[in-house]
Amino acid sequence: MKISIDWLKSFISLEGSTQDIADQLTMLGLEAELNVVTSKLGDIIIGEVTSRKKHPNADRLSLCEVYDGNETYPVVCGAPNVDKGQKIAFAPVGAVLPGDFKISKAKIRGEVSQGMICSERELGISEEHDGIMVLNDVAKPGQSFTKYIDSHLDQIELDITPNRPDCFSHLGVARDLAIQLETPLEIPDYSPRSFKSNEAESFVSISIEDKNDCPRYIAGVVKNVKVGDSPNWLKSRLESVGQRSINNIVDISNFVLMEMGHPTHMFDYDQLGSKEILIRRGKKGEKITTLDEVERNVSSNELLITNGKDPVAIAGIMGGLESAVTDSTTTVLIESAYFDPPTVRKGAKALGMSTDASKRFERGADPNGAEKAFWRTVGLLEEVAGGEWVPGIVDPYPKQITQNEITLTREKLDILSGCDISDDFIIRALKGIGCDVNGKSKSWQCTPPSWRPDIEREVDLIEEVIRLFGYENVPSKYHYEGIMNGDQPDPHKGLSKILSIISGLGFTQVFNNSLQSEEKISILDFESVKMMNPLSDTMSQLRTSLFPGLMENVDFNIKNGHPNLMLFEWGNVFEQAESGLKGIREKFQLAGIVHGQFTKASVHREQDQPADYHVLKGAIDGLFSRMNVDKASYELVDENPYGLGNCSAIVVDKTPIGYIGMISPRFASTMQLDTDLCYGFQFDLNALIAIADKQPSYAGIVNYPVVERDLNFVMDESIRVGDVMDTISKNGRGILIQSEPINIFRHKSVGEGQKAIAINLVFQSASKTLEDKDVNSVIDGIIKVVSNKFGAKLR
């Protein structure tokens, strides 16, 4: 919406540049930017059209003479609204317009043209190009156009949010500025008039079909109006916000709209065809030609103003052409109403229309503003059009709209604002926006004004106080607090890191319903949480494991031709550990599953590699490596409640945080799934997140060389290689930086029930170059420990 600085100054005293005012409005939550950029209009001057006649060789062109204060130039113009006596924006020969368009002397249809009479679009002011830009009488020929525009057409473009319909007017914007600038607000006289008898009722009667569609409709009559040009002050006001003057009657309606934000409409009373006004929904097959001369089909989506039978306007959107004000109009019916916002919006959308009126009604106009707009219009019709008001007003208000009282507490305000705002400012701010305020320093009872439908709760009042106090006056803090504080502002901060790593390892994330059937729940020996009113038998209990859902995902993909899968899911599982609500245990878990082939045979690989335990363990090792975990181990467990066979506990810092193993065949048999062997892992996600949140430690680069040695032990087949590797790592004496089994050899030459394990050892010191004696002493110690503990022999 365009706002005129000069117009704002009629409500409040303003100082500073237009940019300063725009900045103040932006900080008030009304995003503002300068609308008119004059930096490229330095060549444009004010001209006066001293004569106009029809072009002899073109029906749509005019031959004009333009006086620039010194000389008169012939100009060919194609605008339909150009006329003698107008003050215009003139681009003489040699002037450069926005877009680097240079004006040169030309011959158009045989007639010389020395310059251009410009439209607003050619000047880069707006998209208006239906005619030339006509200036008011204050403009002087020869004057700089930029000087004129800066002093008369200072504009600010506001991006109004949908919750602030009151700011679709100069009065609404001025109201906010007045509070922040601590300056008085001068409001025009909107007072109702008194009358002895309601003569208006003899001119018009009003019926409303549905009070929900039209809660209030005000009408009145002004007779003996004289339709003509508007006075200069009215033209200037409308031009300052980019609107062209049409005639004094229409201009009054547009002026009231821009001044106070409430739409009104003027009907030619003699063209209505009836004294009855009926507001109703449209009917199938009905048509109306609107003011833009377009015939429109209406339906029950649209609310219509009718003369009791035929439509004369689309309520809240646009009037009808047949009842429009013309040069011969002498009596007008003023409409000032409040229409239901959703009804207007649905109608506008259905018709593909968006007007100044519909934008305001669909956001929520002021029901009490309808009466103020009516009296303002009456006064202007008398002043500008010489009309005579027919005493009285017809004002059916079947659905009274009231504002609820809201309690604002100091405690809540202090918590949300985080700063000290004085009682005096709170009261002044709330009264400034129109609230009725009662109460003391710790609690205030506030009734919002009718023009602020967005204020419904205490938090809305607090927002208004802080906004008017100034966001820039709220001190910055680097520790944020709220009503619910905790030692960990974001306990799941590391989750995104974990999910990113797992996805990068080739897994695909899935999401399953946390409600499952009794059949699925019964697979594991957990007491489940049962739903009191289940939607169906398949969603009767909260899940106790993530594996049933993952297994169903595998089965679905197999049946659709995609058997090779690596899937994972995270979420909550539940257990009824004790009776009652307090006995419910909620566990945050991460689970994954692999099935099918990990890689297929190709020119790079002779055989298929199945997605088995080793692939899964490698993925977990990759996860730990990315998380800088270097002390993870896998320990066999005899039993686990999670449905994993050949299961190992995943241990970090001597604490089990998860499990890995083969998915129990019970899942496939109970759920009747067509799956082969599946392997899975399950983590306590809170424990994993705690590891992910740890700050990695820094270790400097060691410049001394490494020393490698290989050992080959023969040991019993039953001995786990992992146990041997753990023992070797613990006996490295600070210089063994890496140990890894590189080969396992089984042959009768080694011995029945025996295996030979080749182990690569890497040594390095951070303080010196290692010598053989340093390394050999460690190796001797490793050989001795491994031999004694596992009965191994050096091969």
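Two strands count as paired if DSSP finds at least two bridges between them. Keep in mind along the way that this is a predicted model.

**Stop one: a sheet of seven strands**

Select β28, β31, β32, β38, β37, β36 and β35, in that order: they form an open sheet of seven strands with mixed pairing. Now look at the edges, where you will find β28 (508-509) and β35 (632-636). Each has a single partner strand, so one side of each is left without a neighbour in the sheet.

Which residue in β31 is the bridge partner of Thr 508? Click on Leu 567 to see it.

Next, select residues 495-504 to show helix α13, which packs on this sheet. Helix α13 touches β28, β31 and β32 (584-595), and its direction makes about 145° with that of β31.

**Stop two: a sheet of four strands**

Move on to β16, β23, β15 and β24, the order of strands in an open sheet with antiparallel pairing. Its edges are β16 (265-268) and β24 (388-389); each has a single partner strand, so one side of each lacks a neighbour in the sheet.

For a view of the pairing, select residues 216-223 (β15) and 332-338 (β23), antiparallel strands joined by seven bridges.

**Stop three: two crossing helices**

Select residues 410-417 for α10 and 458-469 for α12. Their axes come within 10 Å and cross at roughly 60°; the two helices are therefore oblique to each other. The crossing is right-handed.

Show the side chains where they meet: Lys 412, Leu 413, Leu 416 and Ser 417 in α10, and Glu 458, Val 459, Ile 462, Val 465 and Ile 466 in α12. By class, this contact has six nonpolar, one polar and two charged residues.

**Stop four: a pair of rings**

How many aromatic pairs does the structure hold? There are 17. To visit one of them, select Trp 7 and Phe 255: the ring centres are 5.1 Å apart and the planes are at 20°, so the pair is stacked. Trp 7 lies in helix α1 (residues 5-8) and Phe 255 in helix α6 (residues 248-260), so the pair ties together parts that are 248 residues apart in sequence.

Conventions:
Residues are numbered from 1 along each chain as its sequence is written. This is a predicted model: local features need pLDDT of at least 70, side-chain atom pairs count only at pLDDT 80 or more; totals for chains, interfaces and linings use all residues. Side-chain values use heavy atoms; hydrogens and water are left out. Contact means heavy atoms within 4.5 Å. Axes are lines fitted to C-alpha atoms, for helices over the stretch in contact, and angles run from 0 to 180 degrees between N-to-C directions. Angles under 35 degrees count as roughly parallel, over 145 as roughly antiparallel, 65 to 115 as roughly perpendicular and the rest as oblique. A crossing is left-handed if the near helix is turned anticlockwise from the far one by less than a right angle, and right-handed if clockwise. Ala, Val, Leu, Ile, Met, Phe, Trp, Tyr, Cys and Pro count as nonpolar, Asp, Glu, Lys and Arg as charged, and the others, Gly among them, as polar. Rings of Phe, Tyr and Trp (its six-membered ring) pair if their centres lie within 6.5 Å; planes under 30 degrees apart count as stacked, over 60 as edge-to-face and the rest as tilted.
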